[in-house]
Amino acid sequence: MAEHSGTAAGHPRGPESAERPGDLVLGVDSGGSGLRIAVARAGDPRARPLATHTSREPVRTGPAGIDADHMLRQLLPAGAELARHVGTDRFAAVCVGAAGMGTLGDELRARLPAAFGARRLALAADAVTAYAGALGQRPGVVVAAGTGMVAVGTDLTPAGGWRRADGWGHLLGDCGSGAWIGRAGLEAAMRAYDGRPGGSRALLARAEAVFGPVAGLPAALYPRPDGPAVLASFAPEVAHCAAGDAGDDGRAGTAGDTVAAGIMADAARHIADAAAAVCPPGTGRPVACTGGLFALGDPLLSPLRTALAERLPGARPVTAAGTPLDGALTIAAALATDRLTLPADPRLLQITRPGAG
């Protein structure tokens with residue numbers, strides 16, 4: 001399912017308001033919830049979208065990694081339609097940010113430059129576009145967390161490059177992520193069901209309210225290809241129980257569940273550990289958190305503030321300025337105007353431009 005919109009004011013642009021060739025850039029954000037594409041002016045330092053296209057069909061991942069054919073079948077027609085919509089025949093630069101680009105993006109890196117024919121093209125891991133959306137082009141740390149979790153940092157120097165921690169998926173890492181919190185909450189529910197120590201009757205009640213009898217949960221969960229997203233869907237229930245939004249019967253209560261609160265505190269420590277691992281040397285470095293996980297609110301944010309203060313006492317927490325799509329537009333605009341200072345990297349930020357390589 002695709003959606004298309006014009007400017008923020010809702011007035012589409014057509015050929016009668018054509019931009020000069022090279023005035024516009026294209027940004028792409030490909031993730032677990034689908035594909036988002038936008039156009040911005042190359043000279044706009046904030047890279048505000050003029051028009052956007054959204055597909056709710058995520059790009060598939062297969063044995064060879066991210067399915068380049070599947071992405072191109074969505075991306076090329078949508079990009080051409082956006083070009084017609086804003087009245088241009090080409091883009092000055094393109095940035096494609098994709099989840100899994102760093103570890104599963106070999107086919108994309110091989111196929112996209114020729115497919116686009118763009119002289120200025122950036123292929124970025126979603127962690128890098130999240131960084132650019134949150135902090136722009138300044139040194140610091142960004143933690144991007146939703147279903148998964150990854151932290152990236154840079155001092156902007158070629159020698160320092162990018163530092164990355166976690167982002168290894170729900171089986172090997174993503175510690176503190178939505179999938180991690182949901183799995184920990186469901187484990188506590190199963191412990192309560194069995195009568196083992198460490199269980200939570202509040203989480204058991206919420207698990208049965210959401211999924212039905214928990215004895216059937218393994219058979220329902222393990223075969224699903226969207227297992228991480230299903231686990232992450234339980235993270236808000238853990239947060240609610242931690243905040244005292246549910247009692248032992250799964251309904252309104254007065255005291256927070258200590259097991260759920262412990263899970264949220266552990267998640268905060270994992271996130272702070274990842275941020276500390278990638279923080280470049282120096283004091284006063286900005287640290288921004290971005291992604292849907294932080295909408296869980298105070299049950300996560302309160303212990304996270306404490307954990308960050310302990311692990312990064314010299315850092316400066318800041319509010320993320322924008323989204324990964326904003327970051328893709330920021331990178332494309334900087335690339336088009338020779339203002340890109342984010343360090344290139346063979347896997348995290350591959351740059352194609354005249355004279356590059």
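This is a predicted model: local features need pLDDT of at least 70, side-chain atom pairs count only at pLDDT 80 or more; totals for chains, interfaces and linings use all residues.
1. An α-helix has 3.6 residues a turn, so residues three or four places apart point the same way. Salt bridges with shared partners connect R183, E187 and R191 in one network.

2. The salt-bridge count for the model comes to 10. One of these joins the side chains of R120 and D338, with an N to O distance of 2.8 Å. This pair links distant parts of the chain, 218 residues apart: R120 is in the loop between helix 3 (106-116) and strand 8, and D338 is in the loop between helix 12 (324-336) and strand 14. R120 is buried, because its relative accessible area of 17% falls under the 20% limit. D338, in contrast, is exposed at 56%. A further salt bridge connects R305 with D298, the closest N and O atoms being 3.1 Å apart; D298 is partly exposed, at 49% relative accessibility.

3. Strand 8 (residues 121-125) is mostly covered, with 5 of its 5 residues buried. L121, L123 and A125 point one way from the strand, A122 and A124 point the other way, and all are buried. In a regular strand the side chains alternate between the two faces of the sheet. Strand 8 runs parallel to strand 7 (residues 93-98), to which 5 bridges join it; V96 has L123 as its bridge partner. With strand 14 (residues 349-352), strand 8 pairs in the antiparallel sense over 4 bridges. Here L123 stands opposite Q350.

4. A separate point concerns the open sheet of 5 strands, which has the order 11-10-9-12-13 and mixed pairing. Strand 11 and strand 13 (316-319) stand at the edges; each has a single partner strand, so one side of each lacks a neighbour in the sheet. From one strand to the next, the twist averages 20°. Strand 9 (residues 140-145) and strand 12 (residues 286-290) pair in the parallel sense through 4 bridges, with V142 opposite A288. Helix 10 (residues 258-278) lies across strand 9, strand 10 (149-154) and strand 11, and runs at about 25° to strand 10.

5. Which residues of helix 9 are buried? In helix 9 (residues 235-243) they are A235, E237, V238, A239, C241 and A242. Their cover includes helix 5, helix 6 (201-211), helix 8 (227-232), helix 10 and helix 11 (298-311). Just after helix 9, G244 adopts a positive phi of about 90°.

6. The last point is a surface feature. W168, L171 and L172 form a nonpolar patch on the surface, with about 430 Å² of accessible area together. W168 lies in the loop between strand 11 (162-166) and helix 5 (178-194). At a relative accessible area of 49%, W168 is partly exposed.

Terms used. Residues are numbered from 1 along each chain as its sequence is written. Side-chain values use heavy atoms; hydrogens and water are left out. Patches are made of residues with over 30% relative accessible area and no salt bridge: like charges are joined within 9 Å, nonpolar side chains (Val, Leu, Ile, Met, Phe, Trp, Tyr) within 5 Å. Accessible areas come from the Shrake-Rupley method with a 1.4 Å probe; for residues, only the protein chains shown count as cover. A salt bridge is a side-chain nitrogen of Lys or Arg within 4 Å of a carboxyl oxygen of Asp or Glu. Helices (H or I, at least four residues) and strands (E, at least two) are DSSP runs, numbered from the N terminus. Buried means under 20% relative accessible area, exposed over 50%, partly exposed in between (1.4 Å probe, protein chains only). Two strands pair if DSSP finds at least two bridges between them. Axes are lines fitted to C-alpha atoms, for helices over the stretch in contact, and angles run from 0 to 180 degrees between N-to-C directions. Contact means heavy atoms within 4.5 Å.
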